[in-house]
Amino acid sequence: MSEKRIVIDPITRIEGHLRIEVVVDENNVVKEAYSGSTLWRGLEQIVKNRDPRDAGFFMQRICGVCTYSHYRAGIVAVEDALGIKPPLNAELTRTLMNAALYLHDHIVHFYQLHGMDWADVVSALSADVHKASEEAFKYTNTPFATGADKLKEVKERVEAFVKKGNLGPFANAYWGHSTYKFTPEQNLIVLSHYLECLRIQRTAAQMMAIFGAKNPHPQSLTVGGVTCVMDLMDPARMGEYMSKFAEIKEFVDRAYYPDILMAAKAYANEPSVLNDVGVSNLFCYDEFLVGKNDHLFKGGIILNGDISKVYDIDENKITEEATRSWYKNDKALHPYDGETEANYTGLVDGESIDGEGKLAHSKLFDTKGKYSWIKAPRYDGMPMQVGPIASIVINYAKGNERVKKIVDEFLSKSGLPLSAVFSTLGRTAARMLEAKVVAEHIMDAFNALIENLKTDQETCTKYVIDNKKEYKGNFQGNAPRGALSHWCRIKDGVISNWQAVVPSTWNASPKDAKGQMGSYEACLVGLKIADLSKPLEIIRKIHSYDPCIACAVHVMDTKGNDLSTYKINPNL
């Protein structure tokens, strides 16, 4: 048998349930790829017939990671429908909360979710701590947590795991794989920052809670504005935000940025992370209001990787279809008219490579029919790639100086051409660069808020909902994983339809009626795999998108049965 199938289910270190299947030829080169989610969630049905002012609180439950993104989207979609313009203080406060999310999300993505695709933990155990400490100075003048004493401590902590007979959080990976390119000393540097990030992410969560009351699932946004009035009026609370932001920015500057620079140099000639743009159509929205009519990132569309032209977005060209998705209506529908009625057709019998490299019986995707709970969103009939790669490339192409300066500096230090961004390495670098842009400029929003509060203390706009009118509105912005939009219709004072078109729906979509692949699938075709029983190359590519599959599929039983019942004692 010349062709073989590899199944990775589930893809771990992501949010949600994602399954990847690929067909490889006799040379272990991927010829076909299929991306599908095996989890269905019904948030879009759950909000039907509910008060639209409650939508944001339901929508943030789409995900346990980017909760704020969907919370804000649910609030803003209703504001747009009702014609509400929140006060500037509210919009800037939302920006500061969004910055906490982005910085939290991006550093955790690299270290806890994606970093081990680049750094070999087992290799780090053979590192010379003094050489590793010297190595860190090659990428920054002020390395973070890389003194010889600190690295010795890190090495001993991981060695203790090994002596107990396991690697703890680093177990069950493909250590020793031929596509790892870091030296033992470089691996130890990343490992040290992995452990430091466990502490830093707590600070980022606290930063969100300053204005959001808690994290995850903050609760201070409301239709019309924000409710954290006392926090905005308290100099101590504002100072706390500044101090926590400074701590996170230091980690971005002294750990995250240098580590990605180190990876750019180490992996500059590794074929498995280069020249795999996936879908070369890029799409992002305006994001991060830092002053009146001033967004840190500008929206637009690039087609076929041609950065000489950036097109304006026409929301009427956005559709979702379900030809290869487990839903009944296969038509390409605009999100305002979207439908989410389940039609699960199941898996089929077949064979795939097991963990020992042998063929074994498997349940496989029905690749001639439907194979995912994720729909296929398209722009003017075309698949799009979204995420930090789109945000960075589009803003660079538009001449956004805030972005261009940081990107040019990184390209100069790494020695990589701009074209290198169209790759797995590029997606990973773009996420760091987006965090760097936010870290460098989010204080513009903080200072604008302070200045505005001196003369204007409005935080919420008054409004009325006329139950006799029908409304429709949307949110169009970005989440840490890319372009995000929520679309709602309101009738008789309640929600009559809601659709969320999220970043991982764009990127992880199955094939459409024309056979066009989403970006996950497209980036895998042509990939050569060194060891079919250890497909690290596939996992590394998929992780570079930072999948959030819980967001992408839109908890209920398909037969309408109760899943479980919970009783909470409020006195505990």
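Start with helix α4, residues 88–114. α4 gives five residues to the lining of the largest pocket, the most of any element. A word on terms. We put a 1 Å grid over the protein atoms alone; a pocket is an open set of points with protein on both sides within 12 Å along at least five of seven lines, a cavity is a set where a 1.4 Å probe fits but cannot get out, and lining residues have an atom within 4 Å of a point. Helices (H or I, at least four residues) and strands (E, at least two) are DSSP runs, numbered from the N terminus.

This is a predicted model: local features need pLDDT of at least 70, side-chain atom pairs count only at pLDDT 80 or more, and totals for chains, interfaces and linings use all residues. Residues are numbered from 1 along each chain as its sequence is written, and side-chain values use heavy atoms, with hydrogens and water left out.

Back to that pocket. The largest pocket holds about 690 Å³ of space. A volume here is the space filled by probe spheres set on the points, with grid points joined across faces, edges and corners. Which residues sit closest to the centre of the largest pocket? They are R72, V76, E91, H295 and Q476, out of 27 lining residues. Besides α4, the elements that each supply at least two lining residues are α3 (67–82), β7 (287–291) and β14 (471–479). For the classes, Ala, Val, Leu, Ile, Met, Phe, Trp, Tyr, Cys and Pro count as nonpolar; Asp, Glu, Lys and Arg count as charged; the others, Gly among them, are polar.

Next, the second largest pocket. Its volume is about 540 Å³. The second largest pocket has 29 lining residues, and T12, N172, A173, Y174 and I539 are the closest to its centre. β1 (4–8), β11 (348–353) and α16 (536–543) each supply at least two residues of this lining. How does this lining divide by class? There are 19 nonpolar, seven polar and three charged residues.

Take β11. β11 runs antiparallel to β12, residues 359–364, and six bridges join them. Two strands pair if DSSP finds at least two bridges between them. V348 has L364 as its bridge partner in β12. The β11–β12 hairpin has five residues between the strands, and G357 in this hairpin takes a positive phi near 85 degrees.

Now β1. The loop between β1 and β2 (18–24) contains P10. The D9 to P10 peptide bond is cis, with omega near 0 degrees. There is also a cis bond from N215 to P216, again with omega near 0 degrees. P216 sits in the loop between α8 (184–212) and β4 (221–222).

N28 is not a glycine, yet its phi is positive, about 65 degrees. N28 lies in the loop between β2 and β3 (30–37). D380 also has a positive phi, near 55 degrees, in a residue other than glycine. Look for D380 in the loop between β13 (376–379) and α11 (388–397). Buried, exposed or partly exposed? D380 is partly exposed, at 46% relative accessibility. The cut-offs: buried is under 20% relative accessible area, exposed is over 50%, and partly exposed is in between (1.4 Å probe, protein chains only).

On to the largest cavity. The volume of the largest cavity is about 120 Å³. F410, L411, V421, A429 and L433 are the closest to its centre, among 13 lining residues. α12 (401–414) and α13 (424–453) give two or more residues each. α13 gives the most, with four. This lining has twelve nonpolar residues, one polar and no charged.

Cysteines now. The structure holds zero disulfides. A disulfide is a pair of cysteine sulfur atoms within 2.5 Å. C197 is buried, at 0% relative accessible area. C551 also counts as buried, at 3% relative accessibility.

Last, the whole chain. The protein has 17 helices and 16 strands. Its radius of gyration, taken over C-alpha atoms, is 24 Å, close to the 25 Å that the globule rule gives for 572 residues, so the protein is as compact as a globular protein of that length. That rule is 2.2 Å times the number of residues to the power 0.38. The C-alpha trace spans about 65 × 60 × 55 Å along its principal axes. Of the 572 residues, 58% count as buried.
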